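Thanks for coming. I have one structure to go through today, so let me put it on the screen.

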Amino acid sequence: MIEINHLSKHFGAFTAVDDLSFTVQPGEVLGFLGPNGAGKSTTMKMITGFLTPSSGSVKVCGHDVSAAPVTAKRLIGYLPEGAPAYGDMTVMAFLEFIAKVRGLTGAEAAARIAAVIDQVNLHKVVNKQIENLSKGYGRRVGLAQAILHDPQVLILDEPTDGLDPNQKHEVRKLIESMAKDKIIVVSTHILEEVEAVCSRAVIIADGKLLADGKPQDLAARSKYHNAVSLSVAELEPQVVAAAIAALDTVAEVEVSAAGRVTALPAAQAEIYNDVKALAEKHGWALQELYVEQGRLDQVFRKITLGEELSRENVQEAA
Amino acid sequence: MNPSALQMTGIILRRELASYFATPLAYVFIIIFLALAGVFTFYMGNFFERGQADLLPFFSFHPWLYLFLVPAIAMRLWAEERKSGSIELLLTLPITMWQAVLGKFLAAWLFCGLALSLTFPMWITVAWLGEPDHGAIAAGYLGSWLMAGGFLAIGSCMSAVTKNQVIAFIVGLVVCFLFLLSGFPIVMDAFSSWAPSVLVEAVASLSFMTHFEALSKGVIDLRDVLYFLAVMAAWLYANTLIVEMKKAD
């Protein structure tokens, strides 16, 4: 378990992390979200013992990171932002170095190195110098290093940043495969990633915790939650929009550039059946008709930019 | 099994030492060191003309050789880690700050020792030409290596101050220069006009040159040995503080 207790970090007059508290349980994959400069990396640096908190504490599996840093660090695998490594070493030499530091020796070390090379698919580059690798491979070396000792706690700072879609998919599969009974914290600003791999999302901005919940619950706070989208063939979207807007249960209608009409419900109403009935009445040739779950990106903007919701409201809602 | 503190220092040391040889740096350094040591000894030190079977002309130029070459070895120790960001990786591994600082320093010191030991043909030359005092030569080598350690500890500390290796080199060189000549007018004049005589004497007693002189002549005075060890300990302690302070920048 990771326990973060009233954690703050000041750099001079600047407050990077402001009284942050939350806990992460084994089996959870926590998506750590926030705009650039929100304090995500600073928080992760304090969890991993790189930075000393200005106040507050971090406990990893019961060990206080400030009081017993080495014990805590043994339990953690960490991929720092940008996946730094020793550029002049080959991938193999680097992993051997990490294995030694992690107390792995002999056959056990060789087996673990072979296993992570397999897991993150580094076969082609094992004897290349790290500084000559592409960004994608560099990131994978960073991941390999982090998971080498099969840590109980995995802290990944933007693990898919700069990867192509295939590589992103592989990294997500890797995270999913390790999620069982581990504690994983992933920072990202790619929201689809949170929906794909995280069991819980924490949103911070300006160092403060703004929201904490399951990705689908957060998405449900979107004004698009339970909205109905449809496209109709051979009819101007504006005509469809005007007809739907006339329904009592519909609060607002939006038309996308692609001609898709989205009806937003008034006050938690279920409008799917109303819209469907309307479509049948007019005999529209429906190409698609579906209920939206809510859009995380819209919630993210709403929360981090402070639109509509003040912090108090968010906490009430949570 | 988790590695002991000593084993962990050794693991850091080996990685660091290997990284010297991963680039041409090690070979360039060793070749230049050997060439300059030879040039200084034979041309400027009048090795043959003196007609004495000792290595005094060889050792007497070491402070000047080290002044330029040791900061060049030390400049990358921390500046490079901070520049590339690998410091974050290193310091989130289950090691202590002292293990990291000491492992890196010892790697550089061993490397200097290797370069120094490759000057062994000098020793063979004097042994072949005459009958030198081998004990005195061994003491000279020990003194030279200790002095290199002193310079290295300063350089390592200065390397932690900046991300820029060139700045680390220049600042390291200047601080080494001050320590080298702290007993001489060039440095003393800056103090003697205003500082109390106790301080002036204290500064004067810090001179690398004075402490190395006796050792280079073959006199092992425990005080000189302790002096260099204390210099290393003090600068490495400062090194840990500076890394701690600067690592997040």
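Chain A has twelve helices and 14 strands. Helices here are DSSP runs of H or I with at least four residues, strands are runs of E with at least two, and both are numbered from the N terminus. This is a predicted model, where local features need pLDDT of at least 70 and side-chain atom pairs count only at pLDDT 80 or more, while totals for chains, interfaces and linings use all residues. Residues are numbered from 1 along each chain as its sequence is written, and chains are lettered from A and ligands numbered from 1 in the order in which they are written.

Now the overall dimensions. Along the principal axes, the C-alpha atoms of chain A fill a box of roughly 75 × 45 × 35 Å. Chain A has 318 residues, and 42% of them count as buried. Buried means 20 or more other C-beta atoms within 10 Å of the residue's own, exposed means 12 or fewer, and partly exposed is in between, with C-beta atoms placed from the backbone.

On contacts, meaning C-beta atoms placed from the backbone and lying within 7 Å: among those in chain A with a separation of 6 or more, 67% are between residues 24 or more positions apart.

Next, backbone angles. A:A83 is not a glycine, yet its phi is positive, about 45 degrees. A:A83 sits in the loop between β6 (76-79) and α3 (91-101) of chain A. Is A:A83 buried or exposed? A:A83 is buried, because 25 other C-beta atoms lie within 10 Å.

A:D150, also not a glycine, has a positive phi of about 50 degrees. The loop holding A:D150 runs between α5 (135-147) and β7 (153-157) of chain A. A:D150 has 14 C-beta neighbours inside 10 Å, so A:D150 counts as partly exposed.

Definitions and conventions
Two residues are in contact if their C-beta atoms, placed from the backbone, lie within 7 Å.
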